[in-house]
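Here is a short briefing on one protein chain. Please look over the sequence and the structure before reading on.

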Amino acid sequence: MSLVLAFLIACSTGPTAPVAPAPAPAATAAPAEAIHADAGVKPGSHEDWCAEHAVPESQCTQCNTSLTAAFKATDDWCDEHGLPESHCKKCNPELKIERPAKIQ
Ligand SMILES: [Zn+2]
Ligand SMILES: [Zn+2]
């Protein structure tokens, strides 16, 4: 009778902590509202809004650089900040661009 052998057997059959795979993060959070307007929304409508830049999406030169020329053509352009002057809150800290109300 070997106590050492018995001890080894007890050890080898002892509980081992199983490494459980970490549960995958639940990516079920649906976005409450789109940040950018869909193509084809009516300009000037509630849906025509760029939440990222807080201007109407149809006038967002940061999302659509091809709009820049139209602003420059009407002399509505801030070269320093690369924005239409009428959107430039750095030059016009009082500026508030309101999102049009949603028509139910
Ligand atoms: Zn934008
Ligand atoms: Zn500016």
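Is Gln62 buried, partly exposed or exposed? Gln62 is partly exposed, because 14 other C-beta atoms lie within 10 Å, and a buried residue would need 20 or more. The model is predicted. The points below go from the whole chain to single residues.

**Overall make-up**
- The protein chain has two helices and zero strands.
- Helix H1 spans 3-12 and helix H2 spans 68-73.
- The protein chain has 104 residues, and 12% of them count as buried.
- Take the contacts between residues at least 6 apart in sequence: 19% of these join residues at least 24 apart.

**Gln62, in the loop between H1 and H2**
- Gln62 sits in the loop that runs between helix H1 and helix H2.
- Cys50 is twelve residues away from Gln62 in sequence.
- In space, the C-alpha atoms of Gln62 and Cys50 are 9.7 Å apart.

**Ser58, in the loop between H1 and H2**
- Ser58 is placed in the loop between H1 and H2.
- Ser58 has 17 other C-beta atoms within 10 Å, so this residue is partly exposed.
- Which residues does Ser58 touch, not counting residues up to four places away in sequence? They are Pro43 and Asp48.
- Ser58 and Gly40 are 18 residues apart in sequence, and their C-alpha atoms are 9.6 Å apart in space.

- Most residues other than glycine have a negative phi.
- Ala54 has a positive phi, near 60°.
- Ala54 lies in the loop between H1 and H2.
- Ala54 counts as partly exposed because it has 14 C-beta neighbours inside 10 Å.
- Asp75 also has a positive phi, near 65°.
- Where is Asp75 placed? Asp75 is in the segment after H2.
- Why does Asp75 count as exposed? Asp75 has 7 C-beta neighbours inside 10 Å, and the cut-off for exposed is 12 or fewer.

**Recap**
- Gln62, Ala54 and Ser58 each lie in the loop between H1 and H2.

Technical notes:
Residues numbered from 1 in each chain as written. Chains lettered and ligands numbered in written order. Predicted model: local features only at pLDDT ≥ 70, side-chain atom pairs only at ≥ 80, totals over all residues. Helix = DSSP H or I, 4+ residues; strand = E, 2+ residues; numbered from the N terminus. Contact = placed C-beta atoms within 7 Å.
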